[in-house]
Amino acid sequence: MVQGIKKIERNLTAALFGPVGVLSTARIETYQSCPLKFKFKYVNKFTLQTVLSSQLVFEQAFRRIIELAYEEKAWSKNTLSQALNFFNKQWPGSQFINKTEGQDFKLRAERIFALFYETQQQGGTVIKSYPNQTISVMVDGQAVQARVDRIDEMPGRKIELTVYDTQLNAATEEILRTDLKYQIIWLAATNKFKGRVNKINCYNLEHGSTTEISFTSREMESVRQLINETQAAIQHREFTAHRGPLCGWCDCYPVCSAWNKNREKYRAYEMTIFRKA
């Protein structure tokens, strides 16, 4: 009975989303870096004890506050002082393990939030903003999803896509052009909003600067090929581990057969230089 239900679920998922379920930037990049890690996370669905870094806590918290600010219309109806009060009420200081580090991140986030507020006051005419959106595209029968920090509906039925960059240094167009995240966003958005999208805005929160990026049809063909190759490899259950010097940082390291001491002893230069205890 249970096996029959699981088979129906698998068939339904394949019919709706493709042979391997929904793919995303994270899933594709995980498979490319280590197929066995992909299997642990998305096929076996192992529950792994993961400790979020302070940087990741900061990024998630800030994105959530920006999303809430749009929902509450904190940009249009509040002064800067009122907007900062809104920020302070939402800031999750208790999520930082190190209190001193958490305070440093809060000061940084507050400064960035104030800069973001000023940028919003100077922005052009936006009919409506949709924060934290997920858009999908079917690539040869395989569903692929992308997350966009903000989709703005502009006059003339134009659509603007914005992705928040939390790095200290703003990314260049050359770097963004090789980033799979932006490639899949472009693939999904140009399919969903046909003829209405002409660029992606990469907004660097640290400096309040924007780098614009768009892609050619030839570049999109390469992305489609990567998606097809990844989907085929997953479907054929090709889950060989990719050993590397940073394996010790991986949450799957304790259960990874590639580092099983009872198996062959790998040469020294193949051994991970950052072993987890």
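Which residues lie nearest the centre of the second largest pocket? They are Y70, Q120, V126, S129 and R150, out of 25 residues that line this pocket.

## About the model

This is a predicted model, in which local features need pLDDT of at least 70 and side-chain atom pairs count only at pLDDT 80 or more, while totals for chains, interfaces and linings use all residues. Residues are numbered from 1 along each chain as its sequence is written, and side-chain values use heavy atoms, with hydrogens and water left out.

## The chain overall

The protein chain has 10 helices and six strands, taken as DSSP runs numbered from the N terminus (helices H or I, at least four residues; strands E, at least two). Of its 277 residues, 41% count as buried, meaning under 20% relative accessible area with a 1.4 Å probe and protein chains only.

Among contacts (heavy atoms within 4.5 Å) between residues at least 6 apart in sequence, 67% join residues at least 24 apart.

## The second largest pocket

Back to our pocket: about 680 Å³ of space lies in it. A pocket here is an open set of points on a 1 Å grid over the protein atoms alone, where a 1.4 Å probe fits, with protein on both sides within 12 Å along at least five of seven lines; lining residues have an atom within 4 Å of a point. The volume is the space filled by probe spheres set on the points, which are joined across faces, edges and corners.

Several elements supply at least two lining residues each, including α4 (54-71), α5, β2 (128-139) and β3 (142-153). Helix α7 gives the most, with four residues. By type, the lining divides into nine nonpolar, 10 polar and six charged residues, where Ala, Val, Leu, Ile, Met, Phe, Trp, Tyr, Cys and Pro are nonpolar, Asp, Glu, Lys and Arg are charged, and the others, Gly among them, are polar.

## W75 and its surroundings

W75 sits in helix α5 (residues 74-77) and counts as buried because its relative accessibility is 7%. Beyond its neighbours within four places in sequence, W75 is in contact with I66, A69, Y70, F113, F116, Y117, Q120 and Q121. The C-alpha atoms of W75 and T119 are separated by 9.7 Å, though these residues are 44 apart along the chain.

Helix α4 is mostly covered, with 13 of its 18 residues buried. Just after α4, K73 takes a positive phi of about 55°.

In helix α2 (residues 25-33), T25, I28, T30 and Y31 are buried. Their cover includes β1 (23-24), α3 (35-43), β3, α9 (180-192) and α10 (217-235).

Note on methods
Buried means under 20% relative accessible area, exposed over 50%, partly exposed in between (1.4 Å probe, protein chains only).
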